[in-house]
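The sequence and the structure come next.

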Amino acid sequence: MPQDRSGQDAGAPLTPAERRRRRANRANLSTPLGLLVARLGGARRRPGPYGLVLAEGYRFRFPVAGAFTVGDVIITARSFDALLRRTPDLLRHEELHARQYARCLGLPYLGLYVLAMGWSVVRTGDRASGNVFERRAGLVAGGYVERPVRSLRRRRRRHGAGRGRAG
């Protein structure tokens, strides 16, 4: 059974915060959507730590990610055992995304995440480093490398000497 570095497994009792998150994500329809996405993608589901549902063997190529979260459902094309060997804190990272779904009232999170991803690409050249949702879930815990922020100022073309408008 997958465990992250905290050692929590699927049989551990849920904290009050985890129970609230689960209720919220069921009510806001993000967890039912996650279960549907996992089913359509042919993923095998099983209980995970933190009250999450783990779905592995997802067959579609979108989204491009080692794992992604929809409500309380963590979905991957791989196995969680393999992912956790490479990224030991991944389940805690994804649990924080599940909390973000609850705080954003479910499905609006998807649009907000896409906007944050676009902002990140503009600011850092990658989809995670400047993404507020990834930063708050822990970039390194999610297996990301932090990229430096790029200036938004456009470089002005420098004109050679003697080149200008003739008067």
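This is a predicted model: local features need pLDDT of at least 70, side-chain atom pairs count only at pLDDT 80 or more; totals for chains, interfaces and linings use all residues.

## The chain and its sheet

The chain contains six helices and four strands, and from the N terminus on its elements run α-α-β-β-β-β-α-α-α-α. Of its 167 residues, 38% are buried. Among the contacts with a separation of 6 or more, 52% are accounted for by residues 24 or more positions apart. The accessible surface of the chain comes to about 10,600 Å², and carbon and sulfur atoms hold 55% of it.

The four strands form an open sheet in the order β1-β2-β4-β3, with mixed pairing. Since β1 (44-47) and β3 stand at the edges with a single partner strand each, one side of each is left without a neighbour in the sheet. Neighbouring strands are turned by 25 degrees against each other on average, direction ignored.

## Helices on the sheet

Helix α2 lies across β1, β2, β3 and β4, and runs at about 25 degrees to β4. Helix α4 (residues 90-103) also packs on the sheet, where it touches β2, β3 and β4, and its direction makes about 30 degrees with that of β3.

The loop between α1 (16-27) and α2 (30-40) holds N28. Is N28 buried or exposed? Its relative accessibility is 15%, so N28 counts as buried, given that the limit for a buried residue is under 20%. Leaving aside neighbours within four places in sequence, N28 is in contact with Y101, A102, L105, G106 and L107.

In soluble globular proteins, nonpolar side chains tend to be buried together. The largest nonpolar core here has 14 residues, of which A38, A55, I75, Y109 and F133 touch the most other members. At least two residues of this core come from each of β3 (68-70), β4 (73-76) and α5 (108-124), and α5 gives the most, with three residues.

The surroundings of I75 can be set out in detail. Residues up to four places away in sequence not being counted, I75 touches G34, V37, A38, A55, Y58, G66, A67, F68, V70 and F80.

## Salt bridges elsewhere in the chain

A search of the whole structure finds seven salt bridges. One of these pairs is formed by D126 and R147, whose closest N and O atoms are 3.4 Å apart. D126 lies in the loop between α5 and α6 (132-137), and R147 in the segment after α6, so the pair ties together parts that are 21 residues apart in sequence. D126 is buried, with a relative accessible area of 16%, while R147 is partly exposed, with a relative accessible area of 41%.

R135 and E146 form another salt bridge, in which the closest N and O atoms are 3.0 Å apart. Because R135 lies in helix α6 and E146 in the segment after α6, this pair ties together parts that are eleven residues apart in sequence. R135 is partly exposed, with a relative accessible area of 41%, and E146 counts as exposed at 51% relative accessibility. Salt bridges also link R21, D72, R92, E95 and R99 in a network.

How values were computed
Residues are numbered from 1 along each chain as its sequence is written. Side-chain values use heavy atoms; hydrogens and water are left out. A nonpolar core is a set of buried Ala, Val, Leu, Ile, Met, Phe, Trp, Tyr and Cys residues joined through side-chain atoms within 4.5 Å. Buried means under 20% relative accessible area, exposed over 50%, partly exposed in between (1.4 Å probe, protein chains only). Contact means heavy atoms within 4.5 Å. Two strands pair if DSSP finds at least two bridges between them. Axes are lines fitted to C-alpha atoms, for helices over the stretch in contact, and angles run from 0 to 180 degrees between N-to-C directions. Accessible areas come from the Shrake-Rupley method with a 1.4 Å probe; for residues, only the protein chains shown count as cover. A salt bridge is a side-chain nitrogen of Lys or Arg within 4 Å of a carboxyl oxygen of Asp or Glu.
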